[in-house]
Amino acid sequence: MSRSAHPAGPRHADVLPEGHYSAPPADLNRLDPKVWARTVARNDAGQVTVGGLSVAELAEQFGTPAYFLDEDDFRARCRAWADAFGSDADVFYAGKAFLSRAVVRWLKEEGLNLDVCSGGELSTALSAGMPAERIAFHGNNKSEDEIRRAVEAGVGRIVLDSFQEIVRVAHIAQSLGKRQRVQIRVTVGVEAHTHEFIATAHEDQKFGIALAGGQAAEAVRRALRLDGLELIGIHSHIGSQIFDMAGFEVSARRVVQLLAEVRDEHGIELPEIDLGGGLGIAYTSDDDPREPHHIAKALTEIVTRECEAAGLATPRISVEPGRAIVGPTAFTLYEVGTVKPLEGLRTYVSVDGGMSDNIRTALYDAEYSVALVSRTSDAEPMLSRVVGKHCESGDIVVRDAFLPADIAPGDLIAVPATGAYCRSMASNYNHALRPPVVAVRDGEARVIVRRETEEDLLRLDVG
C-alpha cells in the first residue's frame with residue numbers, strides 16, 4: 001500500500017483556511033494524556049496500545065468501527081470522585097453518558113450511586129444488581145409506568161420536574177402504600193457558557209421548575225402537603241461541558257436562598273442539595289478540565305459559605321458526573337477508506353463510521369482530536385476533515401484536525417474522549433450497525449455491548 005503524500009490540501013499554518021483548529025502540533029505521533037485514556041501509549045512498533053493490547057490486535061479481533069474502553073481508567077475515575085467528596089456527600093454517575101450492565105457493576109464495586117432518566121436505564125441498573133436505594137430517577141416527562149416501576153423498586157429518590165409530576169408521583173406512591181423520597185428540580189436562571197442545547201438552567205427550556213416568580217416555592221408547598229412524598233431536597237443542573245465554576249456559585253447561592261425561604265415559611269430545613277453534573281473534559285489539548293478534588297473543594301466551600309450566611313446547617317451535597325468519568329476512558333477506532341484532497345482547502349479523510357456512532361459533531365458542533373494509531377509517520381501535518389460514510393454533508397467526525405500527509409486507505413485512526421454520549425446517542429441511520437463497546441484491562445479485552453448485526457435490524461422489521 002502506498003504511503004506517498006497526497007498532492008493537494010494545505011499543510012502549513014500560513015496558508016490554512018479559517019476553521020476550528022490551532023496551529024499544527026510539533027509532533028503528530030505524540031498522544032496528549034489530557035485527551036487519551038490513562039493506559040493508552042505507543043509501543044516500540046509505533047502502534048497505539050490500550051490496556052497492553054495494540055489497535056491492530058483489537059481491530060483484527062473486534063473489527064471497526066468500535067469503541068474501546070479502558071476499564072482501569074474508568075474505575076480510577078470513579079474512585080477519584082468518591083474520594084474527593086468523601087462520606088459526607090453522594091456521587092451519582094449520570095447513566096445517560098453511557099450505561100451497560102458491566103458499567104453498573106463497576107459503579108457498584110467502586111461505591112458510586114447511579115442516576116437514570118428512563119425505564120430502560122432503570123431496567124439496566126436493576127438487572128445488573130445496583131441496589132435501588134442507590135438509584136436516582138430523572139426526566140422531564142416520566143410515564144406513569146416508569147414512575148410506578150421506580151416506586152415499586154424502591155429507588156432512593158425521584159427528581160420532580162413539573163407540577164403535574166408532583167401530583168403524579170404522590171398518587172402512585174400512595175396507591176402502592178409507599179412514601180417516596182423526592183427532590184424538586186429548579187431552574188435557577190444561570191446562563192452556563194456552553195452550547196445552547198446543553199445549557200439547562202435558563203428559564204426558556206424544558207427542564208425543572210423556575211425559581212423566578214415563586215414557582216419553585218409553590219412546588220415545595222405542594223410537595224410538603226402530599227402524604228405520598230418525602231421531600232428531601234432541591235436539585236439544580238446548569239448545563240454540560242462546563243469549566244468555569246462561577247455558574248455553580250450563582251446556582252448554589254440561589255438554591256440556598258430557596259432553602260432559607262422553605263425554613264422561614266415551613267419551619268424545616270431540607271437536608272440535601274444536588275448540584276447536578278456537567279463538568280467538562282478535554283476533547284482537545286486546548287481544554288483544561290478541573291480534577292475531582294478541586295471541584296469537590298470548590299463546591300463544598302460555595303455551599304458551606306452560602307449556608308452560613310443564611311443561617312442554615314450545611315445540607316448533604318450530591319453531584320452527578322457522567323461525562324467526567326466515562327468520557328476520557330474510551331476512544332473510537334476507525335479504518336480509513338478514502339482520502340480526498342481539495343486544492344487550497346483541506347483533505348477529506350473518510351472512515352468506516354460517522355454520525356451514526358458520533359452525532360455530537362453534527363449536533364453540537366463538538367470538537368475532537370484524532371490520531372493515526374496503526375503506525376507512526378514523519379510526514380508533514382496536513383489539514384484534514386475526518387468524515388463518515390453516511391449520505392449527509394454534515395456527516396463529520398472531526399471538523400478540523402492535522403493528520404500526517406501520507407495518511408492512506410487501510411490506516412487505523414482513533415478519536416479519543418468518545419466514552420460519553422457517542423454510543424448512547426448512536427443510531428442506525430442508513431441502516432448502519434451500531435459498533436460494539438469493548439472493555440480492555442491488563443492485556444485482556446471483552447465485549448460489554450456487542451456489535452449489532454443485520455439480523456438484529458431485520459428482526460425488528462416486522463413488515
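Buried means under 20% relative accessible area, exposed means over 50%, and partly exposed covers what lies in between, with a 1.4 Å probe and protein chains only. This is a predicted model, in which local features need pLDDT of at least 70 and side-chain atom pairs count only at pLDDT 80 or more, while totals for chains, interfaces and linings use all residues. Residues are numbered from 1 along each chain as its sequence is written, and side-chain values use heavy atoms, with hydrogens and water left out.

**Stop 1: Ala136**

Select Ala136, which is found in strand β7 (residues 135-137). Helices (H or I, at least four residues) and strands (E, at least two) are DSSP runs, numbered from the N terminus. Ala136 has a relative accessible area of 1%, so the residue is buried. Leaving aside residues up to four places away in sequence, Ala136 touches Phe92, Leu114, Asp115, Val116 and Arg157; contact means heavy atoms within 4.5 Å.

**Stop 2: helices α4 and α5**

Select helix α4 (residues 119-127) and helix α5 (residues 144-153). The axes of α4 and α5 come within 10 Å and cross at roughly 25°. Axes here are lines fitted to C-alpha atoms, for helices over the stretch in contact, and angles run from 0 to 180 degrees between N-to-C directions. The angle makes α4 roughly parallel to α5. Angles under 35 degrees count as roughly parallel, over 145 as roughly antiparallel, 65 to 115 as roughly perpendicular and the rest as oblique.

Which residues of α4 meet α5? Gly119, Leu122, Ser123 and Leu126 do, and their partners in α5 are Glu146, Arg149, Ala150 and Ala153. The residues of this contact between α4 and α5 divide into four nonpolar, two polar and two charged. In this scheme Ala, Val, Leu, Ile, Met, Phe, Trp, Tyr, Cys and Pro are nonpolar, Asp, Glu, Lys and Arg are charged, and the others, Gly among them, are polar. The crossing of α4 and α5 is left-handed: the near helix is turned anticlockwise from the far one by less than a right angle, whereas clockwise would be right-handed.

**Stop 3: helices α5 and α6**

The crossing of α5 and α6 is right-handed. On the α5 side, show Glu144, Ile147, Arg148 and Val151; on the α6 side, show Arg168, Val169, Ile172, Ala173 and Ser175. The residues of this contact of α5 with α6 comprise five nonpolar, one polar and three charged.

**Stop 4: Arg179**

Move on to Arg179, in the loop between α6 and β9 (180-187). Is Arg179 buried or exposed? At 54% relative accessibility, Arg179 counts as exposed. Beyond residues up to four places away in sequence, Arg179 touches Asp227, Gly228, Leu229 and Glu230.

**Stop 5: the cysteines**

Select Cys117 and Cys422. A disulfide is counted for a pair of cysteine sulfur atoms within 2.5 Å, and the structure holds zero disulfides. The sulfur of Cys422 is 16 Å from the closest cysteine sulfur, in Cys117, which is too far for a bond. Cys117 is partly exposed, with a relative accessible area of 31%, whereas Cys422 is buried at 1%.

**Stop 6: backbone details**

Show the backbone at Thr64 and Pro65, which are joined by a cis peptide bond with omega of about -5°. Pro65 is in the loop between α1 (55-62) and β4 (66-70).

Next select Ala417, in the loop between β19 (412-416) and β20 (437-441). Phi of Ala417 is near 60°, a positive value in a residue other than glycine. Ala417 is buried, at 1% relative accessibility. Asp442 also belongs on this stop: its phi is near 50°, again positive in a residue other than glycine. Asp442 is found in the loop between β20 and β21 (444-449) and counts as exposed, at 63% relative accessibility.

**Stop 7: Val370**

Finish at Val370, in the loop between α11 (360-364) and β16 (371-372). Val370 is buried, with a relative accessible area of 11%. Apart from residues up to four places away in sequence, Val370 touches Val386, Val398, Ala401, Leu403, Ile413, Ala414, Val415 and Pro416.
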